Amino acid sequence: MAIGLVSEIAQIPGPRDAQFSDLIIDGIGVFGALGLVAALDPGVRPHLRRVTRVLLLASAGTALAVAVIPSLWLSYALVQQYRAFPTLLTFEHAWERAIYDQSKNRRPVLMATPAHWPDANGTISRSRESGRRGTFISLKPMADWSEYRKLSFVAASAGETFEFVVRIKDIWQKKTEKQPARFYKRFHVRPEPERYTINFAEIEAQASDGPFDFSRVQSILLTAAKPGSRVEILLDDFRLEK
């Protein structure tokens, strides 16, 4: 628990976010491990009634599952994300949910791909903007984009034509005190699906706060240009291209 507490405190000044929920998970894991050891230890078992030992084993096993399974699932998702790269997000796989859940934003709603969509198979995202911030989706992709020259995705309005913004940010580098470079671009989205492309030359020319580091990309954020407008967007197939 002490190591977990120190780890969370150490994240406060850096680019990672300290989470109280992570400390709770650490505590659950510690309880599960100690409970399992106590229930199986030959020196402790004679002092426990059979019912007590069974309950301890059940509760300790449940605690360990609660603590370990999310980490194992995220590890599996990261491996799958690496294998799918340079495709960043397709909304076709259950493991992708773990990737965009890292952003701590609500999950986009999945829907069957409409008949008029470029790829009529599988599922896409139907995302409503989140009100005050206007967020449709926040994605933490594979970080190294240095071998690619553009980002593309498919989008369509779920209703009227409106304007949305793509925001891309690289990582704050503590050693050099380099602030995150940020890129913003506005698009109009219409009811007809269209592939939108951002050339990295645009990012290099327009990024704020210094040169953009394509080897250390932190996030992609899609937001409504006018938060609170209650618009919805259909999204699919985020990928890098050479």
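Figure 1. Phe 153 is buried, at a relative accessible area of 0%. Here buried means under 20% relative accessible area, exposed over 50%, and partly exposed in between (1.4 Å probe, protein chains only). The model is predicted: local features need pLDDT of at least 70, side-chain atom pairs count only at pLDDT 80 or more, and totals for chains, interfaces and linings use all residues. Residues are numbered from 1 along each chain as its sequence is written, and side-chain values use heavy atoms, with hydrogens and water left out. Phe 187 is also buried, with a relative accessible area of 10%. Phe 153 and Phe 187 form an edge-to-face aromatic pair, 6.4 Å centre to centre with 85° between the planes. Rings of Phe, Tyr and Trp (its six-membered ring) pair if their centres lie within 6.5 Å; planes under 30 degrees apart count as stacked, over 60 as edge-to-face and the rest as tilted. The pair links distant parts of the chain: Phe 153 sits in strand S5, Phe 187 in strand S7 (residues 182–189), 34 residues apart.

**Figure 2. The aromatic pair of Phe 91 and Phe 238.** By the ring rule, the count comes to 14 aromatic pairs. In this one, the ring centres of Phe 91 and Phe 238 are 6.5 Å apart and the planes stand at 70°, so the pair is edge-to-face. Phe 91 lies in the loop between S1 and helix H4 (95–101), and Phe 238 in strand S10, so the pair ties together parts 147 residues apart in sequence. Phe 91 is buried at 2% relative accessibility. Phe 238 is buried with a relative accessible area of 2%. One aromatic cluster is formed by Phe 91, Phe 153, Phe 164, Phe 187, Tyr 196 and Phe 238.

Figure 3. The chain has five helices and 10 strands. These are DSSP runs numbered from the N terminus: helices (H or I) have at least four residues, strands (E) at least two. Nine of the 10 residues in S10 are buried. Strands pair if DSSP finds at least two bridges between them. Seven bridges join S5 to S10, and these strands run antiparallel. In that pairing, Ala 155 has Leu 235 of S10 as its bridge partner. S3 and S10 are also antiparallel, joined by four bridges. There, Ser 127 is the bridge partner of Ile 233. Strand S1 (residues 87–89) pairs with S10 over two bridges in the antiparallel sense. Thr 87 has Arg 239 in S10 as its bridge partner.

**Figure 4. The salt bridge between Arg 126 and Glu 232.** The two side chains meet at 2.6 Å, N to O. A salt bridge is a side-chain nitrogen of Lys or Arg within 4 Å of a carboxyl oxygen of Asp or Glu. Arg 126 lies in strand S3 (residues 123–128) and Glu 232 in strand S10 (residues 232–241), 106 residues apart. Arg 126 is partly exposed, at a relative accessible area of 34%. Glu 232 counts as buried, at 17%. The count for the structure comes to 10 salt bridges.

**Figure 5. A salt-bridge network.** Lys 150, Arg 195, Asp 237, Arg 239 and Glu 241 are linked by salt bridges. The side chains of Lys 150 and Glu 241 meet at 3.6 Å, N to O. This pair joins strand S5 (residues 150–157) to strand S10 across 91 residues. Lys 150 is partly exposed, with a relative accessible area of 26%, whereas Glu 241 is buried at 18%. Arg 239 and Asp 237 meet at 2.6 Å, N to O. Arg 239 is partly exposed at 28% relative accessible area; Asp 237 is buried at 15%.

**Figure 6. Leu 222 in the largest nonpolar core.** A nonpolar core is a set of buried Ala, Val, Leu, Ile, Met, Phe, Trp, Tyr and Cys residues joined through side-chain atoms within 4.5 Å. The largest core has 40 residues, of which Trp 145, Phe 164, Ile 168 and Leu 222 touch the most other members. Beyond its neighbours within four places in sequence, Leu 222 contacts residues including Phe 136, Ile 137, Phe 153, Phe 164, Leu 235 and Phe 238. Contact means heavy atoms within 4.5 Å. Buried residues make up 37% of the 242 residues in the chain.
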